[in-house]
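Biologist: Please take a close look at one part of this model for me. I would like to go through the ligand site.

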Amino acid sequence: MNADLHCHSTISDGQLAPADVARRAHAGGVTLWALTDHDEVRGQAQARQAAEDLGMRYLGGVEISVTWASRTVHIVGLNIDPECSTLIDGLARTRNGRAARAEAIGERLAALGIPDAYEGALRYVSNPDMISRTHFARDLVERGYAASAQEVFSRYLGDGKPGNVTHRWAKLADAVHWIQAAGGEAVIAHPGRYAYTPVEFDALFGEFIDLGGKAIEVITGSHTPDQYREYAEVAKRFGFEASRGSDFHAVEEGRVDLGSLPPLPSSLTPVWNRWL
Ligand code: AMP
Ligand code: MN
Ligand code: MN
Ligand code: MN
């Protein structure tokens, strides 16, 4: 089983259309796939159709932006029904404010000597509801203001950097409830990326468990190999099932391609076992 249960398309901040992500996943050897666009399920029907035409198993997916203890946490929903109105309405509210935030980011970047960034970012946006920092990063790299997306985030757009505009995303309890209402399981995405203290992490995992959350990502393109080991231990300590996903966004971006990550450690229970 080559499960890749986290990636993005042009419906959010990826650069391939859902059917093209499906083809790339299949070419990469993926046999169980989920497209998990940020705060959007509009690519789900196309993704499922393309996956099934290629002979891959498909799970409905989404990655919801959450604010917890003043920081952003991403919650992946797997096996969701993309027609669920509770989920669709919640995601629409979560997307609200992205356009105004993007204009404010453009103003901050202009003050830092980078003109027309909002207009530049829009050139990369397919879904105007879903303008994100990734679109700004592509424009800044393309116009030579940074050598890589990584540099854009470390200099301008990362949390706490001068070009970033913080945004209040969904509440953790709401995101988990929308996923559950849609028949899915909530998964804490790439826990190694959050700058919480150990006490905060314990509180986050505890609250997530109290809400019915059962899984975290362990093997993800957003973790280093050391973090694979660290979060395998966390999964065992908290009794979490484990997920695996590349977090693929675009061919020239990121460390990991679809289907190419190491397998989950055999001591962990894959979250996808419940759907096989
Ligand atoms: P937003 O939802 O607009 O806050 O944008 C978040 C997106 O920016 C994430 O989904 C990633 O695709 C991207 N991102 C965040 N931090 C980084 C980073 N350090 N390097 C590269 N991409 C990042
Ligand atoms: Mn992204
Ligand atoms: Mn994420
Ligand atoms: Mn992602």
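What follows is a walk through the surroundings of ligand 1.

Biologist: Which residues surround ligand 1, which polar side-chain atoms lie by its oxygen atoms, and where does ligand 1 sit?

Modeller: A caution before the details: this is a predicted model. Ligand 1 sits in the largest pocket.

Now the shell itself. Ligand 1 is surrounded by D13, H38, H74, R98, R101, S132, R133, T134, Q150, F153, R193 and H249. By class, the shell holds six polar residues, five charged and one nonpolar.

Next, the polar contacts. For H38, a polar side-chain atom lies 2.8 Å from an oxygen atom of ligand 1. R101 has a side-chain N or O atom 2.8 Å from an oxygen atom of ligand 1. For H249, the distance from a polar side-chain atom to a ligand oxygen atom is 3.0 Å. As for cover, ligand 1 on its own has 500 Å² of accessible area, and the protein covers 81% of it.

Last, the domains. Ligand 1 lies between domain 1 (3-94 + 170-275) and domain 2 (98-157), because both give residues to the shell around it.

Conventions: Residues numbered from 1 in each chain as written. Chains lettered and ligands numbered in written order. Predicted model: local features only at pLDDT ≥ 70, side-chain atom pairs only at ≥ 80, totals over all residues. Heavy atoms only, no water. Near = heavy atom within 4 Å. Polar contact = N/O pair within 3.5 Å; in protein donor to acceptor, adjacent residues only side chain to side chain. Areas by Shrake-Rupley, 256 points an atom, 1.4 Å probe, with all protein chains shown as cover. 1 Å grid on protein atoms, 1.4 Å probe; cavity = no way out; pocket = protein on both sides within 12 Å on 5 of 7 lines; lining within 4 Å. Sits in = over half its atoms within 2 Å of the grid points. Nonpolar A, V, L, I, M, F, W, Y, C, P; charged D, E, K, R; others polar. Domains from an automatic or database assignment.
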